[in-house]
Amino acid sequence: MDRIAPAAFSAADFRARIAAQPDIRPDEDFGDHRFNPGHPRLNFTQPLRDAAVLIPVVDHGSEATMLLTKRAETLRSHTGQVAFPGGRIDAEDASPEATALRETAEEIGLDAAFIDLVGRMPDYVSGTGYRIAPVLSVVKPGFHLTLNPDEVDAAFEVPLSYLMDPANHRRGSRFWNDLEWFFYEMPYGGQRIWGVTAGIIRTLYERLYA
């Protein structure tokens, strides 16, 4: 009997695509520099700081979603921006996966019992000097979130089918110190997904869905 393929944007299909992705090579290079080759902002004078984020894909049957947060307006950096749960890797963290789970619990109170870690993406280097490890996961529905108001103003879900459709990936730019900086943006439901978060989503699309 022929096996029935999972629905195109289901969590089962997401798992299958991760299992089939090529191994991460040491020379693979992903990050903001791919959209801004030669930009002087990327001439880092300090070592890159290591961070990790959780990419939480919620299993809603045939139509999975991606869980995102809106950073608190009171934060000193990246105020009010849409982000993945995550943060800097602490010395006590055993791995990037441990960082991603810890930060997710601290920011939005998502219990690790609902999270199944299913893989990693290549590291993503941001224009702000972070080397970010994107940790891929599938989240069981039925969870309850408790947002940390010092870090997060809101959490929301976006259909995976929307985020993996390149028609929704717009190229934007801003000027910093009189130099143009390019990025992707993906507006959805009144939220502006852009910058590093959109760059990681774009990389996920290119690696798994293109």
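Contact here means heavy atoms within 4.5 Å. By that criterion, and leaving aside residues up to four places away in sequence, Leu 204 touches Phe 14, Ile 55, Met 66, Met 121, Leu 136, Met 164 and Tyr 209. This is a predicted model, in which local features need pLDDT of at least 70 and side-chain atom pairs count only at pLDDT 80 or more, while totals for chains, interfaces and linings use all residues. Residues are numbered from 1 along each chain as its sequence is written, and side-chain values use heavy atoms, with hydrogens and water left out.

A nonpolar core is a set of buried Ala, Val, Leu, Ile, Met, Phe, Trp, Tyr and Cys residues joined through side-chain atoms within 4.5 Å; buried means under 20% relative accessible area, exposed over 50% and partly exposed in between (1.4 Å probe, protein chains only). The largest such core has 35 residues, of which Phe 14, Met 66, Ile 193 and Leu 204 touch the most other members. Among the elements that each supply at least two of its residues are helix H1 (11-20), strand E3 (65-71) and helix H4 (195-209). H4 gives the largest share, 7 residues. Helices (H or I, at least four residues) and strands (E, at least two) are DSSP runs, numbered from the N terminus.

Strand E10 (residues 170-176) runs antiparallel to E11 and is joined to it by 7 bridges; two strands pair if DSSP finds at least two bridges between them. Ser 173 has Phe 182 of E11 as its bridge partner. The two strands form a hairpin with 2 residues between them, and Asn 177 in the turn has a positive phi of about 50°.

Overall, the chain has 4 helices and 12 strands, and 44% of its 210 residues count as buried.
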